[in-house]
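Please consult the sequence and the structure shown below while reading.

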Amino acid sequence: MSIRAKKLLCLLGLIATSCIAYAQTTPFAFSHFTLDNNLYAHVLMRDSKGYLWIGSDGLFRYDGVNLKHFIHDPKNNNSLVSDIVKSIIEDKKGRIWIGAIKGISCYDPATDSFTNYEYISDNPKNRNALFDNVLFTDAGDTLWCGNQSGISRFDDQKKQFILYDVAKHQLPGHKKGIFITGIIDDKKNKGWLWLSSYDGLVHFNKKTGFSRYYYPDGPPITMNNLFQDSHDRLWLATWGSGLGYFNEYSGQFSFSLFEQDYHFGTDNIVFNIQEDVKGKDSSLFFVSTNKGLCLPDLHDPANIHFKYFYSHVPDDPKSIGSIPSQTLIDKQGITWVATDKDVSYILPSTQVFKQVNSTHSQSALINSITEEKLDGGHYQYWLSCWYTDGPVLCDENFLPKQKVQLHRGYGKNANSRQINQIVIDPETRDVWIATMDGLYKWNRAKNTIKTYYPDKSNPLSLPSEHVMCLLLDHQKRLWLGTYHSGFVSMNILNDSFIKIPSQIQNTAKDRRVFCMYEDSKQRTWLGCAGALFMMNGKTGKWQVYEHQKNNNKSKAAGDVNGIAEDKNGNIWIGNDEGLNRYNEKTKDFDLFTTADGLSNDHIYNIVCDKAGILWAGTTNGLNSIDPATNIIKSFYEKDGLSLNDQSNAIMIKSDNEIATAGAKGTVTLFDPAKLYRNSTPPPVYITSLKLFNKQDKRQSYFPSPKEINLSYDENYFSIDFIALNLMNPGDNKYAYELTGLDKNWIQSGSEHSVTYSNLSAGTYTFKVKAANNDGIWNNQGASLIITISPPFWKTWWFITICVVAIAVIGYGLYNYRLEQLLQVERLRTKISTDLHDDIGSTLSSISILSELVLHKKDKDQADEMLNEIKDNAISLMEKMDDIVWSINPKNDSLEDLLSRITRFASQLFEAKNIEHNITIQPDIKDLKLSMESRQHLYLMIKESINNIVKHANCTKASIAATYKDHLLNVVIDDNGKGFKTDKNRSGNGLINLKERAVKMGANVQIESVPRKGTMVAISIKIK
């Protein structure tokens, strides 16, 4: 490319840029957020809960902080039907309907899943013909869908879309079939819909399906969309024919083309039309075109003016993001614009702020603004600037007036062009100019300049050539603050400097002066580096306020940069650590910082408007402070300010409009009374619960659940919540409380998540509330009942079982111990009884016989008595042996018992020459009996054997022991003389047998036949 061609191209670019700049004169500043991978935004919808839904390559849900992306998953039938979304609507049940390029999906918040639908039609060609679907819900909440097959209605009972045959009503000469591109209610005829199409405009009867067609004259015009405004006028978005208007009464169309002079109408392609209704005579229309966003004047359809236009400017972050496809104006007044590169939006507050390039210089730094009243009640404004050729004079709209021509005596070097402040004498109209090269007095009447410089030979002169600020008080004293030499004052009536007390002068020496202010009580306040000076204009007394380290009610540390008085007479000062309010009664200060809501602790200029609201500039935003409520609100570039840095100039105009200025030579004007106040409490939702940093997928958190149950090992979790206020959502504030754990509400600022760990089992209620960007709280908020189940060993039923088990075991141990003690007691009693009855009686017999033997002289009688003594002693030994054997725990098995019986029986039977047989079943050996049962059984068998030996006169005897079905059977029989069992017998042997059987819980059976023998059968149950 040649150099000449390059120059021509650059010239054309400059012309185009200037045209765009000329068109963009409305006070709109765009903010932006981008989608994942910088995807385009095609369609927008704000639902009843407050979420913003965005149709793109997939579906996005935006809550002001997070973007959730829904996409089509071929492996999941409950995913989005296809990825290219064309329309989004919400029905009265809260379901979100998505018209995609290949189908229709319904999103159910309760299940967090999609249901996909198809057409039902008698025409095979129309089956599954879901393409470029446009959805609409009418005033009766009936869902309609338009696409290349026409229009269909959703039957909620049958869960089907029913297609209407509207092609049969088309006029001759037009292509059969209709491609619907837009659907709206006819506001004047409730039973009808208006449909835009690729071939014309259709009036559709919802009950009958009758369609009335309207066609523009000439070639067919493609209609992309349609809109009925607040005046019930019908507007059409066309492809190539600009903005269309349809007159229902005449049935005629008219089309307006965009003027090429504004560099945005060459293609005349319109995508969407939207109205911001502020009243029928003042509403704004937003027309999305393929060149940008247009705001036409549509009050007269016959004479449309395309007044304002916004297109993307690469170097301007406040311009629209790209080509707009749709505009949405929500209930909060936010204007959302879907573009090819992002979602751009206009906040209501940005329409209040107006930027004016007052210096025609991008490098100008405006330090202060001075208002001057002119004749006729008009005003003009002086801008004290650096990097300009002298002062800048502006009209009431802050547009530059004629260049200020100062006398040639003004300034001896470039520093005189670095102007810090200008003061106007209202009587003489003299202009006092503070510069980095001295003080200048411009007498405009004579057009003369007088210069004031430091004079080392004169102590009453300007202390430094660097004059930073000026103040003309009610006594015609001009106060001057310098860069590093304190302050002085001069009487402008006689042009002489006034002496300041030496103590004050020494304290102020070498200090930089940042600001000066005279209050309603004629007190002069001087803000300096590290100190605040005050002189009472009535008494002449001075007061110095400095920071005291151990007194938090003293002036905060740092330099005093701004001073103002509120309508109640309180003095406010801004310094490096925040905003100080001086208490006149207590003579101390209250400090406000970022913890109280300030955007930055480094406060610069302060002013108070007519409503009593203070305005404080910082390097990061402009703050408004209501002294009556202490409510602080911050404003930034996103709200419409030219810059976040508001540390230079700020003033209140006579009409109460506020002007702020700083770098880039731009002044921002706004009326504080017109600032949008977001008075709607934001809806609050709990959006997710994460267990050990993993999303809980057991239920949907859209909308918020009411209750959730967790196990004891799920007691580490985090809860996410959100306030659906999209008006500067970064300024939303939150507070939460977990009842059962937290004693009070916990303020979390803008943090919208909280984590809990190691919670004990129990039921908790998590509560969260939120405030919007203007501090309006939704105190009802949202809540979630959280039940943490205890481990099974801490449950009531387990504890009950354990208590019962311990009680049973304890009771068993007690009974066992008691039984043991009773057994010991019974043993002691038995031994005592046995010793007394058997052993005692035998010993008594031996004692008596022994006594008789001693007195008997007859040898034969003595020998007989000695033999009886011997027999008693042997019996005594046997009884003692039986007692000792029975109480020995080593002999508790039946094997020991039966072995002893075998030995005893064999000795007696052999001594009497009785043939005997003893049979014992082998598996009896391991059976065990208690001590008492063992002794009773032993004595019963022994008694039976003794009876055989002493009384039976038998030749044969047998003993058999068997065990079956838990019964031990012992049978003892003989072939002796027997006896008759039908006679009452009083022998001790039989009585003892029966008594012992009862004591041990056994059964005993005695059978005897004379001359044939006797049988004793003993049966005892052993478990």
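## Ser 647 and its surroundings

The side chains of Ser 647 and Asp 645 make a polar contact of 2.6 Å; a polar contact is a pair of N or O atoms within 3.5 Å, where within protein one must be able to donate a hydrogen and the other to accept it, and residues adjacent in sequence count only if both atoms are side-chain atoms. A polar contact at 3.4 Å links the side chain of Ser 647 to the side chain of Asn 648. The model is predicted, with local features requiring pLDDT of at least 70 and side-chain atom pairs counted only at pLDDT 80 or more, while totals for chains, interfaces and linings use all residues. Residues are numbered from 1 along each chain as its sequence is written, and side-chain values use heavy atoms, with hydrogens and water left out.

Ser 647 is located in the loop between β53 (631-635) and β54 (649-652); helices (H or I, at least four residues) and strands (E, at least two) are DSSP runs, numbered from the N terminus. Ser 647 counts as buried because its relative accessibility is 16%, where buried means under 20% relative accessible area, exposed over 50%, and partly exposed in between (1.4 Å probe, protein chains only). Apart from neighbours within four places in sequence, Ser 647 is in contact (heavy atoms within 4.5 Å) with Tyr 604, Asn 605, Thr 618 and Thr 619.

## Ser 599

Another serine, Ser 599, is in the loop between β49 (588-592) and β50 (603-608). Ser 599 has a relative accessible area of 12% and is therefore buried. The side chain of Ser 599 forms a polar contact of 3.4 Å with the side chain of Thr 618, and it reaches the backbone oxygen of Asn 620 at 2.7 Å. When residues up to four places away in sequence are not counted, the residues that Ser 599 touches include Thr 594, Gly 621, Asn 623, Ser 634 and Tyr 636.

## The whole protein

The protein consists of 1023 residues, of which 50% count as buried. Its secondary structure comprises seven helices and 70 strands. Among the contacts with a separation of 6 or more, 54% are between residues 24 or more positions apart.

The accessible surface of the protein is about 50800 Å², and 51% of this belongs to carbon and sulfur atoms. Such areas come from the Shrake-Rupley method with a 1.4 Å probe; for residues, only the protein chains shown count as cover.

Strand β25 (residues 293-297) is mostly covered, with four of its five residues buried. Strand β24 (residues 284-289) runs antiparallel to β25 and is joined to it by two bridges; two strands pair if DSSP finds at least two bridges between them. Three residues lie between the strands in the hairpin of β24 and β25, where Gly 292 takes a positive phi near 155°.

On the other pairing, β25 and strand β26 (residues 305-310) run antiparallel and are joined by four bridges. Cys 294 in β25 stands opposite Val 287, and its bridge partner in β26 is Phe 309.

Thr 335 is part of strand β28 (residues 335-339). With 0% relative accessibility, Thr 335 counts as buried. Thr 335 and Tyr 345 are 10 residues apart along the chain, and their C-alpha atoms are separated by 5.4 Å. Not counting residues up to four places away in sequence, Thr 335 touches several residues, among them Phe 286, Leu 328 and Ile 346.

Tyr 453 lies in the loop between β37 (448-452) and β38 (467-472). Its relative accessibility is 27%, so Tyr 453 counts as partly exposed. The side chain of Tyr 453 makes a polar contact of 3.3 Å with that of Asp 437.

## Positive phi in two loops

Lys 159, a residue other than glycine, has a positive phi near 55°. Lys 159 is placed in the loop between β13 (150-155) and β14 (160-164) and is partly exposed, with a relative accessible area of 40%.

His 360 is not a glycine either, yet its phi is positive, at about 55°. The loop between β30 (354-357) and β31 (365-373) holds His 360, which counts as exposed at 67% relative accessibility.
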